[in-house]
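Thanks for taking a look at this one with me.

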Amino acid sequence: MSDNNPYKAPETVAAATAAGGDLVLPENIRQPILKSAPWKRFLGIVLFISSGLLVVLGLLFMVGVSFLTSAFGAAGLGAGMSIFMGLIYIGMGVLYLFPGLYLFRSGKALRSFQESTASDDLASSAQSMSKFWKFCGILAIIGLSFTAVAIVIAIIAAIIAAI
């Protein structure tokens, strides 16, 4: 009897595996993925450095501008505004850590996959990239929300100023 039942549940097709049970990808897929590994690590490191510089800049802004304003009696931003701006920079520095960490982990896992061809390494890289894009998407939504609120506030301020 033929097993040609159109109502039968589909069977999963196993991935091509090597003798050791490791994942084997076709070269036209494998090479572009592996070529991205050094760039992911590089951009992760750039984000780490940027994060550190933003935190240092925020601290300098908080301490330096406050000190200059109080020491020389110069009118300027004032201590309160410089502390606020410093906290903004520090917050941005902390936010930069996460995408840098996800990119670096993804590149590191791809490098490990290149050496071992273990499917766990490729899965780890994919999970890190998924977290990276989720984080970027959430930041985009927050940025668009702030922009929409700023536009509404600007319109209201313009109407009030015209009255």
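The numbered points below go from the overall picture to single residues.

1. **Where to begin.** Please keep in mind that this is a predicted model. The protein chain contains four helices and zero strands, and reading along the sequence gives the pattern α-α-α-α. Helix α1 covers residues 27-35, helix α2 covers residues 37-72, and α3 (78-116) and α4 (119-162) are the two elements you will meet again in the surface patch.

2. How many of the residues count as buried? Of the 163 residues in the protein chain, 23% do. The chain exposes about 11,500 Å², and carbon and sulfur atoms supply 72% of that area. Among contacts with a separation of 6 or more, 73% are between residues 24 or more positions apart.

3. **A nonpolar patch on the surface.** Have a look at the outside of the model, where Met 81, Phe 84, Ile 88, Met 92, Leu 95, Tyr 96, Ile 138, Leu 139, Ile 142 and Phe 146 form a nonpolar patch. Together these residues have about 880 Å² of accessible area. Which elements give two or more residues to the patch? They are α3 and α4, and the largest share, six residues, comes from α3.

4. Ile 142 sits in helix α4, and its relative accessible area is 41%, so it is classed as partly exposed.

5. **Aromatic pairs.** A pair of aromatic rings is described by the distance of the centres and the angle of the planes. The count here comes to six aromatic pairs. In one of them, Phe 98 and Phe 135 have their ring centres 5.8 Å apart and their planes at 40 degrees, a tilted arrangement. Phe 98 belongs to helix α3 and Phe 135 to helix α4, so this pair ties together parts that lie 37 residues apart in sequence. Is each ring buried or exposed? Phe 98 is partly exposed at 36% relative accessible area, whereas Phe 135 is buried at 15%.

6. The rings of Tyr 102 and Phe 135 have centres 6.4 Å apart and planes at 70 degrees, which means that the pair is edge-to-face. This pair also links distant parts of the chain, with Tyr 102 in helix α3 and Phe 135 in helix α4, 33 residues apart. Tyr 102 counts as buried, with 16% relative accessibility. Through these ring pairs, Phe 98, Tyr 102 and Phe 135 are linked into a cluster.

7. **Ser 128, a neighbour of Tyr 102.** Ser 128 lies in helix α4 and is buried, with a relative accessible area of 8%. What does Ser 128 touch, not counting residues up to four places away in sequence? The contacts are Tyr 102, Arg 105 and Ser 106.

8. **The salt bridge.** Side chains of opposite charge can pair when their charged atoms come close. The structure holds one salt bridge, in which the side chains of Glu 27 and Arg 30 meet at 3.7 Å, N to O. Because the two residues are three residues apart in helix α1, about one helical turn separates Glu 27 and Arg 30. Glu 27 is partly exposed at 48% relative accessibility, while Arg 30 is buried at 16% relative accessible area.

9. **Thr 117, between two helices.** The loop between α3 and α4 contains Thr 117. Its phi is positive, about 55 degrees, although Thr 117 is not a glycine. Thr 117 is partly exposed, with a relative accessible area of 24%.

10. **Trp 39.** Finally, please visit helix α2, where Trp 39 is located. Is Trp 39 buried or exposed? With a relative accessible area of 56%, Trp 39 is exposed, because the cut-off for that class is over 50%. Trp 39 and Phe 104 are 65 residues apart along the chain, and their C-alpha atoms are separated by 9.1 Å.

Definitions and conventions:
Residues are numbered from 1 along each chain as its sequence is written. This is a predicted model: local features need pLDDT of at least 70, side-chain atom pairs count only at pLDDT 80 or more; totals for chains, interfaces and linings use all residues. Side-chain values use heavy atoms; hydrogens and water are left out. Patches are made of residues with over 30% relative accessible area and no salt bridge: like charges are joined within 9 Å, nonpolar side chains (Val, Leu, Ile, Met, Phe, Trp, Tyr) within 5 Å. Accessible areas come from the Shrake-Rupley method with a 1.4 Å probe; for residues, only the protein chains shown count as cover. A salt bridge is a side-chain nitrogen of Lys or Arg within 4 Å of a carboxyl oxygen of Asp or Glu. Buried means under 20% relative accessible area, exposed over 50%, partly exposed in between (1.4 Å probe, protein chains only). Rings of Phe, Tyr and Trp (its six-membered ring) pair if their centres lie within 6.5 Å; planes under 30 degrees apart count as stacked, over 60 as edge-to-face and the rest as tilted. Contact means heavy atoms within 4.5 Å.
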